[in-house]
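Please look over the aromatic side chains in this model before we discuss it. My notes are set out as numbered points.

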Amino acid sequence: MRWQVLLFLSVFCLGLTLGQVSYSIPEEMAKGSIVGNIAHDLGLDLKRLKSGRARVFYTGDNVEYIGLNKDRGVLLIQERIDREALCGETTPCALHFQLILENPMELFRVTVEITDINDNSPSFTNAEKRFEISESAVTGSKFILEKAMDSDIGSNGLQRYSLSPTDSFVLKGENEADGTKKLEMVLQKPLDRENKAHIPLLLTAIDGGEPQMSGTMQIFVTVLDVNDNAPTFVKPQYRAKILENSPKDTSVTTVSASDKDTGSHGELTYLITPSKFRLSDLFKINQKTGEITLVGELDFEKANNYEMDIEVIDSGGLSDSTKVIVDVIDVNDNKPNINTVSKSESLLEDSPLNTVIAMLIVNDPDSDSNGKVECVINDHIPFKIQPALNGFYTLVTEVTLDREIASQYNITVTCSDEGVPSLSSSVTLTLQISDVNDNPPVFERSSYEAYIVENNTPGLSIFTVKATDSDWNQNARVSYILEDSSVNGVPVSSYVSVSADSGVIHAVRSFDYEQIKDFQFRVKAQDGGSPPLSSNVTVKILIQDQNDNAPQVLYPVQTGGSLVAEMVPRSADVGYLVTKVVAVDVDSGQNAWLSYKLQKATDRALFEVGLQNGEVRTIRQVTDKDAVKQRLTVIVEDNGQPSRSATVIVNVAVADSFPEVLSEFTDFTHDKEYNENLTFYLVLALAVVSFLFITCVVVIISVKIYRWRQSRILYHSNLPVIPYYPPRYSDTLGTGTLPHVYNYEVCRTTDSRKSDCKFGRAGSQNVLIMDPSSTGTMQRIQSEKSILDEPDSPLEVSMSHCI
C-alpha cells in the first residue's frame, strides 16, 4: 500500500527546541515495518540521535506502538495497530508522541495518522429477527430492521443492504438527523395469512471495501391477524443531560409513544435497539413506562455523549423508533498528570541563570476549566517553573547556586486545575549541587602563639594549626606549607617543620633560650582544588627558659695562685660590711633569682651573709681573741627546679695593721726559718712593692687599652651581656652594695717590724692579695677585670705608700 507522509516542522527557542512532524500509515502493518525516516524529515544527523540519546516518549498510558531505530534514523512498528480498537469511529485516528534529544535538549512532536483498511465485515448483533405482522397490514407498512455494524470507516464501512426474496417486502432507508439511515422493511403488497403464514427473508449487509465483505441476518415473518395501527413516538428525537459521576439508577429521560388501537393491540413495549457500543451496559429502559435509567458508570473522558435508538412495539408487532441523545456533563474528577520528560541529577554550583534542570509535561483529561492546569514549586528555593508549549513546563535556575549553603534540593512541583473543588498532583525531584572550588581554607585563629621549653628534643611536636574549607571532597582537602622566611639569617625550615596533612608543627632543632627567645613564621593552608586556593597565618614561637645555667660568681675573683683577703679592723662594730659576694645567672625569671648562704666559716658566730644581697657582715663585736685568718665559704643558689649553685671562698683578715696581717699570712704559707730573718724580708717586700707599683702602672695602661679594644669587639658581637656588679656598683633594687671607694695609705720603716695603716674615709674596704710564692710581698688590687665589664668601670682605687 502506498504511504502518504506529511511533514510540518516548527522551532521555538525557550531554553529548548520544539518541532512537529506527521506521518500517515495503514493499520495492521507488520512489526518492524518502517513508518518514516524521521532523521531525514527533521534534518537530523544520525550522530546527533546517538549523542542526544534520542528516545520516543508517550504521554499517559498509551501503548508504545511505534519505536525509534537510532542507527537508521527511522520509526518502526513495534506493536500491532488496530485502528478500530485504538480509535473506534473517531476520525481521523492518530498516535501522538514526542521525540526527545538531550545535550542540548530538543523536543519534536510526532503525529502518526492510522488509516483504515477493510479488515472487518458487516455483522448483525442478532443472527435472526422475527416479526409477527397482521394480515391487515396495509401496503407500505414499515418494519424496523436491525442495522448491521461495521468497525471499518469510510469506503470500507457498511455501504448497502439487500433483502431477498423481494416479492412481499422491499428495503427502504430513511436519512436521520445524525446522517445515518434508518433501515426499514416495507410491505409492498398485502399479506394473506391464509395463503402464506410464514415468510422467511435474508437480509444482507455489504461494505465497499476491496474485496467486498458482507454479513447476513435471517428474518422470519409470522402473519397475524388484524392489527392495523402502528405505535408512534411523541418526539422524533429526545435529548438529555447527565453528570458523569451520577450514581446508578439515575433517571436519564422518558420516551413516550401512542397507539390508536385498543385492547391488546394497544399494549406497547419499549426496547433499546442493540448497537455496537453495548449501550445496554450503561442504560436500561422500562419496557412498560419508557423510562431510561443509568445502570453503568459514565466517564466524560471516554465519551462525552451517547446516542441510542429506542423502539416501541405493540402487541400486533407494529413498531416505531426514536433517537435519544444523552450528553455527559464533565465533573472535575481527574487530577493533573505530571510526567517527567527529562531531568538532571546534578548541577554545578556555578551554573548560569535559567539553566534547564528538568522538563515536564502536564495534562488533565477534564474539559474546560476543569482541565486548565497551573504549576508551582515549593517556596524558598532558587528555582522557578515556567510553561513552554502544549502542556510542557521547564524547571530552571532563578538565582546563583551555592553548594556551601545547600548541597541538595528536593523540588516539589505541584500542578492544580481550576475545577471546583480544585484537584492537584505533585512530584518531587531531587537535585544534587556539585561543588566548585570557590572557598579558600580559613584558619581557626587570625594568629597563633605557642610556647616550648628550651633544650627540647628535636622532632618534638609543638602544637597544631588548623584550617577548614567549606568546599567538598578534593576541593576541601587542606595541605599545610611552611612559607620561606629566615630567623636571624637562618632559614626558618631549620627551626621548625609543618606536617602537610595534619598541620602539626615540629621542632627541627633543640632551642636555647639564652640564644633565641622567640621567632615567628607563616604557614600557608592550600586546598586541593584546581586551581588551588590558599590563605596564610602568622605563628609566633616563644622559648621558655629552663634552669640549665649555674650562677657565676663575679666578686670576689677566685685566682689560681693568690689568696684574696678582706681586712676587718678589730674595732669594727656589729654589722660591719666586710665584703659583698656578687653573682649572676644567665637564666631568666625565677631561674635567675639568687640567694646567698654561709656554708662554712672559721667562726660562724662572727659573720653572716645577706640572703638576697650577698653582703658579708659582722654579727658581733670583733675582739682580740678572734683569729686573724678567717675563711668563709659562701654558696650561691638560684631558684630553679632543680636548683643550681656555685661556691666562693672569702678570706678575711682580722687585724688593725698590714704588718700584722702580712706576718700572719706569711706564717701560714712559709716555714719558720723565714720568720727569723724578718727584717730581710721586709726590705725585700719593700723592693717588691716598689717593683709592683711600677708594674701596676704599666698594667693599668695595658688594661685600659685592652678594655677599649674589648668594648669594640663586644659592640660588634652577638654575645649575651652578663651583668657585672663591681664592688662600687650602686644596687637600685635596694639589696645593698659597697657604696664608696676605699682609699688607704701604707707606711713602713726599715728598722721596725711595725706598720701603720691610715684609713682615709670611714667605711673603707681593703683587699689584700697574698702570694705565697713571694716572701713578704703585698699587692693591692687596683681593679677587677672581666670580659663582660664596661670600658669605663666606676671602680677607682688609689694607692700611696711611704717608707
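The points below cover ring pairs first, then charges over rings.

1. A caveat to start: this is a predicted model. The number of aromatic pairs comes to 13. Two of them share F143 and are taken in turn below.

2. Take F131 and F143. Their ring centres are 5.9 Å apart and the planes meet at 70°, so this pair is edge-to-face; the angle cut-off for that class is over 60 degrees. F131 belongs to strand β8 (residues 128-134) and F143 to strand β9 (residues 142-144). Twelve residues separate the two, and the pair links distant parts of the chain. Both F131 and F143 are buried.

3. F143 also pairs with F169. The centres are again 5.9 Å apart, with the planes at 75°, so this pair too is edge-to-face. F169 lies in strand β11 (residues 169-175), while F143 is in strand β9. The two are 26 residues apart, and here too distant parts of the chain are linked. F169 is buried, as is F143.

4. Which residues do ring pairs link into a cluster? They are Y495, F511, F519 and F521. Please view these four together.

5. Now the charges. R130 has its charged end over the ring of F220, at 4.5 Å from the ring centre. K517 does likewise with Y513: its charged end sits over that ring, 4.7 Å from the centre.

6. For your check, I would go through F143 with its partners F131 and F169. Then turn to R130 over F220 and K517 over Y513.

Key
Residues are numbered from 1 along each chain as its sequence is written. This is a predicted model: local features need pLDDT of at least 70, side-chain atom pairs count only at pLDDT 80 or more; totals for chains, interfaces and linings use all residues. Side-chain values use heavy atoms; hydrogens and water are left out. Rings of Phe, Tyr and Trp (its six-membered ring) pair if their centres lie within 6.5 Å; planes under 30 degrees apart count as stacked, over 60 as edge-to-face and the rest as tilted. Helices (H or I, at least four residues) and strands (E, at least two) are DSSP runs, numbered from the N terminus. Buried means under 20% relative accessible area, exposed over 50%, partly exposed in between (1.4 Å probe, protein chains only). A charge sits over a ring if NZ of Lys or CZ of Arg is within 6 Å of the ring centre and within 35 degrees of the ring normal.
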